[in-house]
Amino acid sequence: MGSKEEHHDIVIVGGGICGLATALALHRKEALRCLKRSDLIETLAKNLPVGSIRFGCQIVAVELDPLSSFPILYANDGATIKAKVLIGCDGSNSVIAKSLELQAPKVCPISAVRGFTSYSYGHSFDSHFIRLRGDGVAFGRLPIDEKLVHWFVGRLCPQDSIVQKDPELIKKVTLEMLKEFPPEVIEMVEHCDSSSLSLTHIRYRAPWHMFFANFWQGTMTVAGDALHVMGPFLGQGGSAGLEDAIVLARCIAQEMPMGPEGATSDREMVKRIGIALSKYVKERRLRIIRLSTQSYLTGSVITASSWVRKLICLAMLIVFLRCGSLSHSNYDCGSL
């Protein structure tokens, strides 16, 4: 049975435009909002034509058509997809980023457990983000609404340590880490939704790799974690992904106001989309370098074993924080 071939104008690979729970810092510095990833994706999906999203389709390779210069995608089910525009939002292990020859993300010596706890009769927590520190362990919580709370646990660990996938084992290990924490913290983890638990190593794209990295080629580019995966220390990874989407859509719309049908030939379309992607990368580069650098410095203060390095990173952080602790979130990427 032969493989099937499909043709599409624009293909967006992956759902990694936002994290499991994204803290969006609004213009009021005290206002933090925690969004559940599934809620955000469902809201975005409802505004797309039926059939726009295909689940369970994993892209394993990408190449450029030697004749048209358009991307060709190969899926794990044998399907071949020919696209005119390809946007990789496929996370830190992005196939699209690899095809653009971007440097592989680095592994931070911190593991993070994330989860949700639902309180049937409501909880008594206010809307503030709370973080507690113990012996090499940090716990944080941020309510999503009056019944649902997002929480995380982070700790230093070897980069080559095994990442567990079994939810019950993750819960057991997490409770062991939190045994010296207040009872309400332990109770939150004990009664969490086990299916929401995840344990991962923190990954980041080194800021110094972003200065001259080629984030686009032809009609192909990346966005979200595929572009700027960073540690969760600023709570801006998902927000930056949404910024990417707005800027990218605006740049493409400015160059292609009539859509793909507005191009008289494939060559003209490749040229105009290339101009749009170049503008997108140019506009986003400094923003993501600033976020990635600040996140890297914050993580280095936590993980550095040398006090000299800690002090150097702390001094550099003070430069970033001179305009306020949430100045990085007080950013306007413009409108569509």
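This is a predicted model: local features need pLDDT of at least 70, side-chain atom pairs count only at pLDDT 80 or more; totals for chains, interfaces and linings use all residues.
1. Two strands count as paired if DSSP finds at least two bridges between them.

2. β5 covers residues 71-75. Four of its five residues are buried, so the strand is largely enclosed by the rest of the structure. Buried here means under 20% relative accessible area.

3. One partner is β4, residues 59-64. The two strands run antiparallel and share five bridges. Within this pairing, A61 has Y74 of β5 as its bridge partner. Six residues lie between the strands of this hairpin. Among them, check S69: its phi is positive, near 70°.

4. The other partner to look at is β6, residues 80-88. It is also antiparallel to β5, with three bridges joining the two. L73 stands opposite I81 of β6. The hairpin has four residues between its strands. G78 takes a positive phi there, near 95°.

5. Now the surface. D39, E42, D145 and E146 form a patch of negative charge. D145 comes from the loop between β9 (137-143) and β10 (148-156). How exposed is D145? Its relative accessible area is 35%, which makes D145 partly exposed. That class lies between the 20% limit for buried and the 50% limit for exposed.

6. Follow the five bridges to β4 and the three to β6. Then move to the negative patch that includes D145.

Terms used: Residues are numbered from 1 along each chain as its sequence is written. Side-chain values use heavy atoms; hydrogens and water are left out. Buried means under 20% relative accessible area, exposed over 50%, partly exposed in between (1.4 Å probe, protein chains only). Patches are made of residues with over 30% relative accessible area and no salt bridge: like charges are joined within 9 Å, nonpolar side chains (Val, Leu, Ile, Met, Phe, Trp, Tyr) within 5 Å. Accessible areas come from the Shrake-Rupley method with a 1.4 Å probe; for residues, only the protein chains shown count as cover. A salt bridge is a side-chain nitrogen of Lys or Arg within 4 Å of a carboxyl oxygen of Asp or Glu. Lys and Arg count as positive and Asp and Glu as negative; His and the chain ends are not counted. The place of a charge is taken as NZ of Lys, CZ of Arg, CG of Asp or CD of Glu.
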